[in-house]
Structures are given as C-alpha cells and as structure tokens.
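Work through these exercises with the model open beside you.

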Amino acid sequence: MRAGQIIRELAWSRRKASAGYFAGAMLLYAVCWMAWQELDPACALMVSLPLGLGALYPMAMANRHWQGAENAARGARAEESVGRILAHLPEGWWVEYGLVVAGFGGDLDVIAVSPSGKAFVVDVKSHRGEVSFESGQLLRRRGRHREAFERDFLSALLRQARALEMAQHLHTVAPVLCFTDASLRLPKAKVRGVWVVRSRDLLDFLRSHG
C-alpha cells in the first residue's frame, strides 16, 4: 500500500458525500424557485418555506463533509511527504503503510523495521503551530493562544504500539509521533513514552535508533 493511500481514499469519499448533499440542497432550492414561478404568492410561500428550511440541513452536511475532505487531503499530503522521506532509508529497512491490526480501531500510518530488527510505528500529523509538552499533555501554540490537541495523540500512539506488538509478535515497538508542519519545543527524551520528531528529522532519527 502506498503512503497516504487510505486517507486519500477517505478524502475522496467525503468529497463525494459533500457533492451528494449539495445536489440535494440545490434540488430543494430549485423546487422553491419553481413554486414562486408557477404558484400564487401565498401558495408559493407555503411550499417554499419548509423546503427552504429543509435545505439548510443538506447544505450544512455538505460543508461538514467538504471540510472533512480538506482535512483528510492535508493528512494524505503529510503521509505522502513522509513516504518520500522514508524512501531514502538504507537498504535492509522494511517499511509498510496503512496496516490494519487487530486491537486498534484504525490503520497505522507507518511501520518501519530496521535491519537489526528494531520496530517503529510512526503516526503522522499535519497540524501547524508550535508544539510543547506541559502538565502531562501536548499543547500547540497558534498565534498568542495555546491549546490542547483535539485528542490525546500520545495515548493513542502507545495503544498502536501495543497492538502491533501483539499482532506481529514483536518484543517491543517504539512509538514515534511525527509532525510535518509544526515546530517543536520539546525535550530530547521521550514524552510519556513516545518519541516526538519533525518529519525533516525522521530519517536521521530512525537511522540513529535503528
């Protein structure tokens, strides 16, 4: 499987869903327009008012799916960029993308195994801003505001690593959180058992730890 393939397909399915909702909303608006063309004003109002209000839902869903598609496409680009970076790993490395394992609800972005047998699971994130670690959680700064991420990436990645260990009968899997578009203000050591790196440093990290 290619890097970013699963999330790229997700972006496409969300775009198709958005187009479907948008077409439904446009159909309702078209009926409203026809009502005003063909009926007297009182009847046209009775017909078009509920239909116009009803069109708000598919319009909102169209926007929601489109935004989701844009987020997925950004994530796909991030995974694809990491794939291009990992293509420069030395001979003997084994890399797989988008593996689905039992015990984890989703796919693993990247699995890399060094020639010496050391295994890594890499979770790729395309979030922007400055990433820091305070009070046991990752935070990001955008402008003057700092906020927690939408979910606990560190706990999720540790679960990925454990699921991969069990599924592939591996002794240990090193979890690596990789940001493609963020700057990091973090200690050099692990944070809560997870390595956090920038994508431009990922190749050197794997070479030195593999």
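**Exercise 1. Helix against helix**

In which hand does H3 pass H5, left-handed or right-handed?

Solution. Start with the ground rules. This is a predicted model, where local features need pLDDT of at least 70 and side-chain atom pairs count only at pLDDT 80 or more, while totals for chains, interfaces and linings use all residues. Residues are numbered from 1 along each chain as its sequence is written, and side-chain values use heavy atoms, with hydrogens and water left out.

Step 1. Helices (H or I, at least four residues) and strands (E, at least two) are DSSP runs, numbered from the N terminus. H3 spans 56–86 and H5 spans 199–209.

Step 2. The axes of H3 and H5 come within 10 Å and cross at roughly 35°.

Step 3. Read the hand. A crossing is left-handed if the near helix is turned anticlockwise from the far one by less than a right angle, and right-handed if clockwise. H3 passes H5 in a right-handed crossing.

Step 4. List the contacts (heavy atoms within 4.5 Å). From H3 come Val-82, Ile-85 and Leu-86; they meet Ser-199, Leu-202, Leu-203 and Leu-206 of H5. By class, this contact has 6 nonpolar, 1 polar and no charged residues. Here Ala, Val, Leu, Ile, Met, Phe, Trp, Tyr, Cys and Pro count as nonpolar, Asp, Glu, Lys and Arg as charged, and the others, Gly among them, as polar.

**Exercise 2. The largest pocket**

Solution. Step 1. On a 1 Å grid over the protein atoms alone, a pocket is an open set of points with protein on both sides within 12 Å along at least five of seven lines; a cavity is a set where a 1.4 Å probe fits but cannot get out; lining residues have an atom within 4 Å of a point. Grid points are joined across faces, edges and corners, and a volume is the space filled by probe spheres set on the points.

Step 1. Take the volume: about 800 Å³ for the largest pocket. Of its 29 lining residues, the closest to the centre are Ile-7, Lys-125, His-127, Glu-150 and Arg-151.

Step 2. Assign the lining. Elements that each supply at least two residues include H1 (5–38), E3 (119–134) and H4 (153–168). H3 has the largest share, 7 residues.

Step 3. Sort by class. The lining has 9 nonpolar, 8 polar and 12 charged residues.

**Exercise 3. The cavity**

How many cavities of 30 Å³ or more are there?

Solution. Step 1. The count comes to 1. The largest cavity has a volume of about 40 Å³.

Step 1. Its lining includes Met-1, Glu-79, Tyr-97 and Asp-107. E2 gives the most, with 3 residues. The lining divides into 4 nonpolar, 3 polar and 4 charged residues.

**Exercise 4. Positive phi**

Where do His-169 and Arg-192 lie, and what are their phi values?

Solution. Step 1. His-169 is in the loop between H4 and E6 (173–185). Its phi is near 55°, a positive value in a residue other than glycine. His-169 is exposed, at 72% relative accessible area.

Step 1. Arg-192 is in the loop between E6 and E7. Its phi is near 50°, again positive in a residue other than glycine. Arg-192 is partly exposed, at 34%.

Conventions:
Axes are lines fitted to C-alpha atoms, for helices over the stretch in contact, and angles run from 0 to 180 degrees between N-to-C directions. Buried means under 20% relative accessible area, exposed over 50%, partly exposed in between (1.4 Å probe, protein chains only).
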